[in-house]
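Please look over the sequence and the model below before reading on.

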Amino acid sequence: MSREQQMAALALAQHRRLDAAQLRRELTAGKLTPAQAVADPRSISCSVSRFLKAIPRFGPQRSSNAMRWLGVTDPMRKVGELSERQLGMLADVEREVRKV
């Protein structure tokens, strides 16, 4: 890999991290619902655990319960790696986890 390709890859990775952070801030501020955030292309590179903790009123315990409910064992798994079923469940996570 050439030096230019390395720099381009680093710039792309930085851009994706910044986009994911902005998405989490919008989710925390209530500008986006979990369903809107899941549909947003910026969520692809966001880890599921960080995504859940960005939802208002979702702390470590509720996020842990949601991870079990979603069937996600690796906390660093990315939202983009989830199955369609899991993405649908993640979109409704706020309502479903509060029932439990």
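A pocket is found on a 1 Å grid laid over the protein atoms alone: it is an open set of points where a 1.4 Å probe fits, with protein on both sides within 12 Å along at least five of seven lines, and its lining residues have an atom within 4 Å of a point. The structure shown is a predicted model, in which local features need pLDDT of at least 70, side-chain atom pairs count only at pLDDT 80 or more, and totals for chains, interfaces and linings use all residues. Residues are numbered from 1 along each chain as its sequence is written, and side-chain values use heavy atoms, with hydrogens and water left out.

Which residues line the largest pocket? They are Arg 16, Arg 17, Ala 20, Arg 24, Ser 45, Cys 46, Ser 47, Arg 50, Met 76 and Lys 78. By type, this lining divides into 3 nonpolar, 2 polar and 5 charged residues. Here Ala, Val, Leu, Ile, Met, Phe, Trp, Tyr, Cys and Pro count as nonpolar, Asp, Glu, Lys and Arg as charged, and the others, Gly among them, as polar. Helix α1 gives the largest share of the lining, 4 residues. The space in the largest pocket is about 170 Å³, where a volume is the space filled by probe spheres set on the points, and grid points are joined across faces, edges and corners.

Now take the overall layout. The protein has 6 helices and 0 strands, and the pattern along the sequence reads α-α-α-α-α-α. Helices (H or I, at least four residues) and strands (E, at least two) are DSSP runs, numbered from the N terminus. Taken along the principal axes, the C-alpha atoms fill a box of roughly 50 × 25 × 25 Å. Contact means heavy atoms within 4.5 Å. Among contacts between residues at least 6 apart in sequence, 56% join residues at least 24 apart.

Of the 100 residues, 35% count as buried. Buried means under 20% relative accessible area, exposed over 50%, and partly exposed in between (1.4 Å probe, protein chains only). A nonpolar core is a set of buried Ala, Val, Leu, Ile, Met, Phe, Trp, Tyr and Cys residues joined through side-chain atoms within 4.5 Å. The largest one has 24 residues, and those touching the most other members are Val 48, Phe 51, Leu 52, Ile 55, Leu 70, Leu 90 and Val 93. At least two residues of this core come from each of α1 (3-29), α2 (34-39), α3 (48-54), α4 (60-70) and α5 (84-91).

Phe 51 lies in helix α3. Phe 51 counts as buried because its relative accessibility is 0%. Leaving aside neighbours within four places in sequence, its contacts include Leu 23, Leu 27, Ala 37, Val 79 and Leu 90. Phe 51 and Ala 37 are 14 residues apart in sequence, and their C-alpha atoms are 8.9 Å apart in space. Leu 23, in helix α1, is also buried, with a relative accessible area of 0%. Not counting residues up to four places away in sequence, Leu 23 touches Leu 32, Ala 37, Asp 40, Arg 42, Ser 43 and Phe 51.

How many salt bridges does a search of the whole structure find? It finds 2, a salt bridge being a side-chain nitrogen of Lys or Arg within 4 Å of a carboxyl oxygen of Asp or Glu. Arg 42 forms one with Glu 26, and the closest N and O atoms are 2.9 Å apart. This pair links distant parts of the chain, 16 residues apart: Arg 42 is in the loop between α2 and α3, and Glu 26 is in helix α1. Arg 42 also forms a salt bridge with Asp 40, again with the closest N and O atoms 2.9 Å apart. Glu 26 counts as buried at 17% relative accessibility, and Asp 40 is buried at 16%.

One backbone detail remains. Most residues other than glycine have a negative phi. Arg 57 has a positive phi of about 70° although it is not a glycine. Arg 57 is found in the loop between α3 and α4, and counts as exposed at 62% relative accessibility.
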